[in-house]
Amino acid sequence: MRGVPDASLPDYDWLFSRTRAGRGRGPQGARALLDSLGTPDGKFQSIRVIGTNGKGSTCAMLEAGLLATGVRVGRFTSPHLHEYEERIRVNGVNLDPSRTAHFIGWAKEHAPDAAFFDLTLALASQVFAEEGVDIAVMEAGVGGVSDATQALRNVVAVSLTNVDLDHMGVLGHTVQDIATDKAGAALPGVPFLTTATGEGLSAVQREAQRRGVTVLTPATHPTLFQLPYLPSLTGPHQQSNAALAAATLRTLGYASGIEAALGATHPARLERFEIGGKTVLIDGAHNPHAARALAAAVPQADVLLFGNLARKDTAATLAPLLALAGQYVFTAPGDLATPPADLATTHGGLCVPRPDDALKTALMLTPAGGTLLVTGSLYLAGTVRAALQHGLTTPPA
């Protein structure tokens with residue numbers, strides 16, 4: 001229940017209401033904010049991490065690897081699982097909420113019409129400059145050339161994880177369109193590395209070549225992308241992310257950090273919990289490409305707990321996951337979710353709209369020694385993860 005707002009806390013409601021709707025997409029808004037703050041992004045080096053999936057894991061590995069070399073490291077990622085300040089970290093520590101509050105106060109006066117992501121990028125850059133960060137790992141939001149992170153100055157590497165269909169209303173309806181947008185992040189004289197494959201890679205290489213940039217890939221530079229052993233993060237897709245992180249570290253002269261990078265962890269990426277003799281696997285897969293990668297990494301589960309946002313291709317995301325489990329529980333990870341009742345009608349299974357109740361129901365259905373797989377949305381992953389950490393798994397009466 002909402003009470004009287006605490007004036008000492010950040011006005012998150014105001015910040016979260018600054019949606020992109022009605023505002024232009026691209027780097028212009030972010031650049032204007034950064035300039036108004038005195039160009040803080042020019043005071044540290046940036047590694048831009050772009051791609052359809054795997055950005056968060058790659059950022060986590062890069063952060064761990066850079067920290068191990070002794071440099072001062074910033075990390076900007078999205079979305080957050082539990083707290084807004086997870087998005088902005090310095091040397092592995094989340095931002096203090098008091099700095100968020102101070103920035104929101106400034107933004108209300110000086111940038112009241114700015115978009116949420118642009119504001120968060122500007123806050124991160126300001127913090128990194130003030131904290132004397134040497135190098136920051138900066139995760140793109142959507143796309144490459146059309147993303148706010150395209151505004152960043154002093155970019156020393158661009159790392160592209162992969163290219164597949166997602167955000168089609170913004171980036172285009174074909175892999176080639178999406179790849180072209182992402183490859184638009186290529187900058188002359190700046191290393192551009194990717195583990196993309198197939199049609200996406202071909203389109204990336206064409207666009208990068210048009211921009212005068214050579215693309216570094218496992219095929220063209222196998223030694224650069226070589227892994228001494230497998231990463232701690234589980235799944236074949238994480239091996240690709242790890243190879244990209246290792247190649248980026250080597251390219252920038254931080255090869256000594258590769259061992260630490262491979263030991264990195266990242267929440268809600270096939271994260272494992274043991275609850276009452278049952279295994280719960282949580283993964284934030286939220287589009288078809290990520291779901292296919294998840295299905296390849298998880299051969300079987302007893303119960304699938306699934307919820308997806310309606311703006312995603314829910315049918316294609318769910319398709320590779322249905323064969324993994326014998327029972328389904330569908331839920332709504334927010335007001336903009338695909339209606340779980342529709343999914344239950346189409347695919348069978350139970351409709352439990354509230355994620356907390358859905359988790360309890362799914363755990364009841366999971367046999368002793370069995371496995372529950374939770375996926376479809378990072379918002380759902382965050383909710384379930386918090387419930388598991390706080391022991392909120394008792395079945396409803």
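User: What share of the 397 residues in the protein is buried?

Analyst: Buried residues, meaning those under 20% relative accessible area with a 1.4 Å probe and protein chains only, make up 56% of the 397 residues. This is a predicted model, in which local features need pLDDT of at least 70 and side-chain atom pairs count only at pLDDT 80 or more, while totals for chains, interfaces and linings use all residues. Residues are numbered from 1 along each chain as its sequence is written, and side-chain values use heavy atoms, with hydrogens and water left out.

User: How many helices and strands does the protein have, and why is it described as compact?

Analyst: Helices (H or I, at least four residues) and strands (E, at least two) are DSSP runs numbered from the N terminus, and the protein has 15 helices and 14 strands. Its radius of gyration, taken over C-alpha atoms, is compared with a globule rule of 2.2 Å times the number of residues to the power 0.38; the value is 21 Å, close to the 21 Å that the rule gives for 397 residues, so the protein is as compact as a globular protein of that length.

User: How should I read the two faces of a strand such as E5?

Analyst: In a regular strand the side chains alternate between the two faces of the sheet. In E5, Ile135, Val137 and Glu139 lie on one side and Ala136 and Met138 on the other, and all are buried. Because five of the five residues of E5 (residues 135–139) are buried, this strand is largely enclosed by the rest of the structure.

User: Which strands are joined to E5 by bridges?

Analyst: Two strands pair if DSSP finds at least two bridges between them. Strand E1 (residues 45–50) runs parallel to E5 and is joined to it by five bridges, with Val49 opposite Glu139. Strand E2 (residues 73–76) also runs parallel to E5, through four bridges, and here Val73 stands opposite Ile135.

User: At what angle do the axes of H11 and H12 cross, and which residues make the contact?

Analyst: Two packed helices are described by the angle between their axes and the distance between the axes. Axes are lines fitted to C-alpha atoms, for helices over the stretch in contact, and angles run from 0 to 180 degrees between N-to-C directions. The axes of H11 (residues 288–297) and H12 (residues 314–322) come within 8 Å and cross at roughly 5 degrees. The contact (heavy atoms within 4.5 Å) is made by Pro288, Ala291, Arg292, Leu294 and Ala295 of H11 and by Ala316, Thr317, Pro320 and Leu321 of H12.

Technical notes: Buried < 20%, exposed > 50% of the residue type's maximum accessible area, 1.4 Å probe, protein only.
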